[in-house]
Amino acid sequence: MSNYQYPDTNDELVCKLIDKVEPFKGYWEKSEKKVIDEMRNEILKYMKRFNIEECFLLDAGCGIGRLVGEFQEYFYRIVAIEPDKKRFAETVKNISNTSYSSKVELRNILIQELDNEEKYDVILCSHILQHIQTEELAKVLQKLKAILKPNGLLLITTCHSIEEEDLYIKGYQTKDGFKEQKITKDEFNILVNTLGVLPSHAFSYDSITKLLTDAGMRVNRINMYHIDKGLEFLNPLDMIVENVSNATGLMKKSLGRDMFVVVINQKDK
Ligand SMILES: C[S@@+](CC[C@H](N)C(=O)[O-])C[C@H]1O[C@@H](n2cnc3c(N)ncnc32)[C@H](O)[C@@H]1O
């Protein structure tokens, strides 16, 4: 059992953030759905390449179980972990009445507490890394490397910094509405355990690449999404905005609130 509590109870602040920053109503959801489709393609490509009929999945920080239902059909067994007790209880409720509940094992633990002996084909780490204390990050990535099978697939979504450096941001509600403010790394590390604020660590293209490479994994590709500014002359609802922002390395580095990172666990030499 974990004592961790996710700061944004019931996702209230993230909903306010989306209302404030999405350039068109519905774009955020459409963009997120496109990433889920890309995840599906990556899973199917992996299975085809290694001639696997069904895989073993870990959803590393499943929230209320949003992605388990999306992908359950490709897996013979699924472990989904969620450290926040309230969210965990909701996941148990959400999954227990489904047709696939018997192949899903839910655990109320942190990524850091997973057993190194259990190895997964595919790991989802969706919107998790931005909420982890900076001194824990390397440990978390080493754990993911340790439990991913050789050539296994790690699919990450996380916050993207459009500056050269990583950014630390807090989102909070004031009487005048939702506000975002840059904070220091030290403040971020305190706020990850403070209820009622939404602290996020936004990674630059280079820093996420370095973190994953240092942990012994290979970044296959990074795509930016949730493009909130920089291409206002394009209608984001037709998604051309996402093709344009991913057209060159330079564009990728300077656009998009979030990123989708496809990682392969290269075999140790
Ligand atoms: C924004 S939610 C994302 C939930 C889900 N992956 C999704 O995409 O819908 C972030 C989740 O990360 C979980 N989390 C934070 N730190 C974690 C850790 N060290 N290990 C596992 N989960 C963690 C939180 O409890 C929270 O439910």
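Which backbone sits 2.6 Å from a nitrogen atom of the ligand? A polar backbone atom of G61 does. The views below come from a predicted model, in which local features need pLDDT of at least 70, side-chain atom pairs count only at pLDDT 80 or more, and totals for chains, interfaces and linings use all residues. Residues are numbered from 1 along each chain as its sequence is written, and side-chain values use heavy atoms, with hydrogens and water left out.

View 1. Look at the ligand's nitrogen atoms here: besides the G61 pair at 2.6 Å, a backbone N or O atom of I111 lies 3.0 Å from a ligand nitrogen. The side chain of Q112 also places an N or O atom 3.0 Å from a nitrogen of the ligand. (A polar contact is a pair of N or O atoms within 3.5 Å.) On its own the ligand has 600 Å² of accessible area, and the protein covers 92% of that; these areas come from the Shrake-Rupley method with a 1.4 Å probe.

**View 2. The shell around the ligand.** Count the neighbours and you get 18 residues, the closest being G61, R66, E82, I111 and S126. Sorted by class, the shell has eight nonpolar, six polar and four charged residues; Gly goes with the polar ones, while Asp, Glu, Lys and Arg make up the charged class.

**View 3. The seven-stranded sheet.** This open, mixed sheet runs in the order β3-β2-β1-β4-β5-β10-β9. Strands are DSSP runs of E with at least two residues, and helices are runs of H or I with at least four; two strands pair if DSSP finds at least two bridges between them. At the edges you'll find β3 (104-107) and β9 (218-225), each pairing on one side only. Strand β10 (residues 258-264) runs antiparallel to β9, joined by seven bridges, and V219 has V263 as its bridge partner. Helix α5 (residues 134-147) packs on the sheet and touches β1, β4 and β5, where contact means heavy atoms within 4.5 Å.

**View 4. The three-stranded sheet.** Here the order is β7-β6-β8, and the pairing is antiparallel. Since β7 (177-182) and β8 (198-202) each have a single partner strand, one side of each is left without a neighbour in the sheet. Six bridges link β6 (residues 167-174) to β7, and G171 has E180 as its bridge partner. Helix α1 (residues 12-21) packs on this sheet too, touching β6, β7 and β8.

Terms used. Axes fitted to C-alpha atoms, helices over the stretch in contact; angles between N-to-C directions. Near = heavy atom within 4 Å. Polar contact = N/O pair within 3.5 Å; in protein donor to acceptor, adjacent residues only side chain to side chain.
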